[in-house]
Amino acid sequence: MKTLIIFTHPNHQSLSYSFLQTTIQGLQDNPNTHEIEVLDLYAESFDPLLVFNEHKRRRDMHIDPNLEKYRKQLLWAEKIVFIYPIWWGRPPAMLLGYIDQMFASNFAYRDKGGLLPEGLLKGKSVVCISTMKGPALYPLFWLNNAHKILMRKALFNFVGIKKVKFFEFGNMEKSGGNQTKKLKQVYQYFKTIIR
């Protein structure tokens, strides 16, 4: 199993970073893991800003030479793990900027003229690990599961990725938030996952 971890948090002292380390440890302890690659978007100084002008067009994003490294990572990976906090009910702008640029037409999907495009990233699987300050059920009852719908239906299913798992942890800034238990849960998942 070739795993790409996309980490999106500016602070390496954060709980999100602990989830990154736990995920890596679980994968390293899993005999089914062949290779692990980590993309830390903040440490990488990834530029999330879209720029379109007479020299840089949206329809050419799939061949933008500045994004070639990241396209190769996505093509290489069999499993893609996203680790990020939930801010204002959605992933950080840094991650959304990565998604805007990387999941481009003619790379992640191809328009066929019909109702739905052809997903070009079929066969891959995704795990999303997110933390939030609010209660665990807040996204479901107050936001109609907007975060999961955004990630699963509007993004991953659109590009052909059907196998998507979520770890969405709430109350993470409380002392009784069971952080250790949740870290162990994530570790156990990655230690035993087959694909």
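Analyst: Contact means heavy atoms within 4.5 Å. The model is predicted: local features need pLDDT of at least 70, side-chain atom pairs count only at pLDDT 80 or more, and totals for chains, interfaces and linings use all residues. Residues are numbered from 1 along each chain as its sequence is written, and side-chain values use heavy atoms, with hydrogens and water left out.

User: Which residues is aspartate 40 in contact with, leaving aside its neighbours within four places in sequence?

Analyst: Aspartate 40 lies in strand 2; helices (H or I, at least four residues) and strands (E, at least two) are DSSP runs, numbered from the N terminus. Proline 10 is 30 residues from aspartate 40 in sequence, and their C-alpha atoms are 9.0 Å apart. Outside its sequence neighbours within four places, the contacts of aspartate 40 are Phe7, His9 and His12.

User: Is aspartate 40 buried or exposed?

Analyst: Buried means under 20% relative accessible area, exposed over 50%, and partly exposed in between (1.4 Å probe, protein chains only). Aspartate 40 has 11% relative accessibility, so the term that applies is buried.

User: Which residues of helix 1 are buried?

Analyst: Helix 1 covers residues 15-28, and its 14 residues reach 20 Å from first C-alpha to last, close to the 20 Å expected. The expected span is 1.5 Å times one less than the number of residues. The buried set in helix 1 is Ser16, Phe19, Leu20, Thr22, Thr23, Ile24, Gly26 and Leu27.

User: What do the buried residues of helix 1 pack against?

Analyst: Serine 16 gives one example: beyond its neighbours within four places in sequence, it is in contact with Phe7, His9, Ile83, Tyr84, Pro85 and Thr131. The buried residues of helix 1 pack against strand 1 (2-7), strand 2 (35-40), strand 3 (79-85), strand 6 (125-131), strand 7 (163-169) and helix 6 (179-192).

User: How many residues of strand 3 are buried?

Analyst: In a regular strand the side chains alternate between the two faces of the sheet. From strand 3, Lys79, Val81, Ile83 and Pro85 point one way, while Ile80, Phe82 and Tyr84 point the other way, and all are buried. Strand 3 is therefore largely enclosed by the rest of the structure, with a buried count of seven of the seven residues.

User: How many bridges pair strand 3 with strand 6?

Analyst: Two strands pair if DSSP finds at least two bridges between them. Strand 1 and strand 3 run parallel and are joined by five bridges, with valine 81 as the bridge partner of isoleucine 5. Tyrosine 84 has serine 130 in strand 6 as its bridge partner. Strand 3 and strand 6 also run parallel, and their bridges number seven.

User: What is the volume of the largest cavity?

Analyst: On a 1 Å grid over the protein atoms alone, a cavity is a set of points where a 1.4 Å probe fits but cannot get out; lining residues have an atom within 4 Å of a point. Grid points are joined across faces, edges and corners, and a volume is the space filled by probe spheres set on the points. The largest cavity is lined by Leu49, Leu50, Val51, Phe52, Lys56, Met61, Asp64 and Gln101. Its volume is about 40 Å³.

User: Which helix gives the largest share of the lining of the second largest pocket?

Analyst: A pocket is an open set with protein on both sides within 12 Å along at least five of seven lines. The second largest pocket has a volume of about 320 Å³, and of its 18 lining residues the closest to its centre are Arg58, Ile99, Asp100, Phe103 and Tyr109. Helix 3 (93-102) and helix 5 (146-156) each give two or more residues to this lining. The largest share, four residues, comes from helix 5.
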